[in-house]
Amino acid sequence: MQKIKDYVEANKDRFLEELFELLRFPSVSADPQYKEGVLNTAQFVAQKLKDAGADNVEICPTAGYPIVYGEKIIDASLPTVLVYGHYDVQPADPIELWETPPFEPTVRDGKIYARGSADDKGQFYMHVKAFEYMMKENELACNVKFMIEGEEEVGSANLGIFVNANKERLKADVIVISDTSMISLENPSLETGLRGLSYVEVEVTGPNRDLHSGVYGGAVANPATILSKMIASLHDENNHIAIPGFYDDVIELTEEERKALNEAPFDIQEYEKDLGVEELWGEKGFSTIERTGIRPTLEVNGIWGGYIGEGAKTVLPSKAYAKISMRLVPNQNSERITKLFKDHFEKIAPKSVKVEVKPHHGGEPVVTPTDSIAYKAAEKALEDTFNKKPIPTRGGGSIPIVALFEKELGIKTVLLGFGLDSDNLHSPNEKYGIENYLKGIETIPLFHKYYAELSK
């Protein structure tokens with residue numbers, strides 16, 4: 001343990017500067033104007049894997065952005081760890097809300113502010129630097145494979161094709177993903193489950209053109225008003241999702257399981273203060289921890305229509321739009337939920353408008369076993385690093401490829417994340433703690449060590 005700490009301390013300035021260089025690439029996969037930035041990021045990642053000691057490093061083309069692959073096979077009799085991460089990032093909009101430029105990493109109060117710092121560049125790069133340590137110090141205890149993709153933030157449309165075509169190449173005993181969070185540095189945790197996702201866009205059309213709101217207002221249905229009413233109807237007075245059949249497949253936790261989940265440290269006042277709200281909102285009968293981990297949700301991610309420029313324009317818009325995401329829990333299925341939503345949304349639309357529901361992407365919820373060798377190895381590694389046994393938690397986010405890996409490769413995943421829920425993921429001023437980053441580099445070699453030992 002001390003040897004790892006010493007190595008990290010001796011190299012931390014370089015580790016940070018390399019991460020800063022990675023964060024400067026504007027690798028926004030959702031926006032074609034950043035195509036060059038995404039491709040340059042893949043080149044950077046490939047080179048750093050080579051520098052760290054990986055063999056057979058390749059930038060594998062797909063129909064979209066490439067997947068960076070690398071490996072180090074030291075002994076076929078040893079277990080193999082497949083590390084997954086993504087080098088693409090969310091759009092930085094709205095830019096004006098960033099205190100410092102999103103692609104110019106800035107350190108404030110021990111935290112790195114930049115788009116992608118926590119999601120997922122800072123987290124997957126910990127594995128590259130931990131691998132460097134294990135190679136230089138001759139402490140690599142397992143075979144290692146890396147698969148770092150560039151389309152996670154847009155649904156990983158081409159990853160399934162790549163995985164299906166490379167099953168032999170990707171053979172491993174466990175997959176490790178650092179794209180999740182822990183409770184805090186004082187209370188380390190391991191996520192044991194993730195919610196699934198159904199993501200749709202809706203379009204509501206009224207008249208065949210924008211109209212003068214004085215001449216036509218009050219006589220013609222306003223799509224923006226209708227859309228707002230339709231969205232408002234999707235929750236009842238208890239904030240329960242009001243789509244028939246939505247909860248049919250939800251697995252309810254026992255009272256004992258709910259009690260154990262709620263034993264995780266949680267300060268509601270601190271939570272409200274951090275978010276700048278006076279009161280929390282959610283499904284009646286469930287705690288905040290339950291609402292964000294074991295209950296399905298429906299949220300509006302964006303809504304627009306009509307005139308939104310400077311000044312005034314008295315227009316009755318022809319169209320209104322919204323993007324809506326639904327987080328799913330075991331045993332829900334994303335395709336079924338998408339169909340339920342589509343059928344319901346079209347049914348509740350008045351005849352004064354036309355409605356179109358466009359599915360985007362989805363993924364299935366997963367629960368990872370806590371009795372596996374891999375989970376126990378991660379638990380021991382975190383306990384060594386933080387001097388405290390990690391708390392098992394359920395994650396509120398979605399990583400659809402976890403279910404994909406299990407289906408296509410037959411491999412379970414360990415969610416070894418070092419971010420925090422307060423890291424402003426997908427928001428302006430995204431950040432990642434320097435200590436979190438360095439602790440991750442310290443912990444990962446221990447995971448490999450314990451995984452090899454427990455696999456014997």
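Q: Let's take helices (H or I, at least four residues) and strands (E, at least two) as DSSP runs numbered from the N terminus. What kind of model is this, and what are the pLDDT limits?
A: The model is predicted: local features need pLDDT of at least 70, side-chain atom pairs count only at pLDDT 80 or more, and totals for chains, interfaces and linings use all residues. Residues are numbered from 1 along each chain as its sequence is written, and side-chain values use heavy atoms, with hydrogens and water left out.

Q: Switching topic: how much space lies in the second largest pocket?
A: About 470 Å³. A pocket is an open set of points with protein on both sides within 12 Å along at least five of seven lines. Of its 18 lining residues, Ser-334, Gly-362, Gly-363, Glu-364 and Pro-400 are the closest to the centre.

Q: Which elements give two or more residues to the lining of the second largest pocket?
A: Helix H9 (334-347), strand S16 (354-363) and helix H11 (401-409). H11 has the largest share, five residues.

Q: Now the largest nonpolar core: how many residues does it have?
A: It has 67, and Tyr-87, Leu-416, Tyr-437 and Phe-447 have the most contacts inside it. A core joins Ala, Val, Leu, Ile, Met, Phe, Trp, Tyr and Cys residues through side-chain atoms within 4.5 Å, each buried (under 20% relative accessible area, 1.4 Å probe, protein chains only).

Q: Which helix gives the most to this core?
A: H12, with 10 residues. Helix H12 covers 434-454, and others supplying at least two include helix H1 (2-23), strand S7 (174-177) and helix H10 (373-386).

Q: What does Leu-416 contact, leaving aside neighbours within four places in sequence?
A: Val-176, Ile-177, Ser-178, Thr-180, Leu-190, Ala-378, Leu-382, Ile-444 and Phe-447, where contact means heavy atoms within 4.5 Å.

Definitions and conventions. 1 Å grid on protein atoms, 1.4 Å probe; cavity = no way out; pocket = protein on both sides within 12 Å on 5 of 7 lines; lining within 4 Å. Points joined across faces, edges and corners; volume = space filled by probe spheres on them. Buried < 20%, exposed > 50% of the residue type's maximum accessible area, 1.4 Å probe, protein only.
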